[in-house]
Amino acid sequence: MSVQSLSKGLTIRELPRCERPRERLVDLGAGSDKLTLGNVANTGTVKNNETILGGTAADAITLGTAISGGSIDLGAGSDTLTLANGTNAASIGNVETITGGTGADAITLVTALTTSMAVDLPADARDIIVS
């Protein structure tokens, strides 16, 4: 089974591997949405989502649209999160690598920042990290 895109109204149990993971897209549209990833290594782009929960494997998630007031916890594994270009505001936990976009991001770390983590936010002098 190969998921290339998913629109609101469908249930995701997992985003399985496919030959071209950069083409996997989950767009949940308007409203207060929650995406729970399966206990597999998930790779994909998520748009229009307010809450993302990861499983037990390493996830690589890219936000396709800016998030405001969101909550992201990618769970266990060596996870990466790339923020959308725009102004992102979210509480983030259990993500080992965070890469910012081009906007002024307000990120609250809800798990301790450790020496094994990497946070790379562009030098626009407006990014905030609170831990």
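Biologist: Let's start with contacts. Leaving aside neighbours within four places in sequence, which residues is N49 in contact with?
Modeller: Contact means heavy atoms within 4.5 Å. Here N49 touches L28, D33, K34, L35 and I67, with neighbours within four places in sequence left aside. Keep in mind that this is a predicted model, where local features need pLDDT of at least 70, side-chain atom pairs count only at pLDDT 80 or more, and totals for chains, interfaces and linings use all residues. Residues are numbered from 1 along each chain as its sequence is written, and side-chain values use heavy atoms, leaving out hydrogens and water.

Biologist: Where does N49 lie, and is N49 buried or exposed?
Modeller: Strands (E, at least two residues) are DSSP runs, numbered from the N terminus. N49 sits in the loop between β4 (43-47) and β5 (51-53). Buried means under 20% relative accessible area, exposed over 50%, partly exposed in between (1.4 Å probe, protein chains only). N49 has 6%, so it is buried.

Biologist: What lies 2.9 Å from a polar atom of the N49 side chain?
Modeller: The backbone nitrogen of T51 does.

Biologist: And how accessible is L113?
Modeller: L113 is in the loop between β11 (106-109) and β12 (118-120). Its relative accessibility is 47%, so L113 is partly exposed.

Biologist: How do β7 and β9 pair?
Modeller: Two strands pair if DSSP finds at least two bridges between them. β7 (residues 68-73) and β9 (residues 89-93) are parallel, with 5 bridges; S68 has A89 as its bridge partner in β9. β9 also runs parallel to β11, through 4 bridges, and A90 is partnered with I107 in β11.

Key. A polar contact is a pair of N or O atoms within 3.5 Å; within protein, one must be able to donate a hydrogen and the other to accept it, and residues adjacent in sequence count only if both atoms are side-chain atoms.
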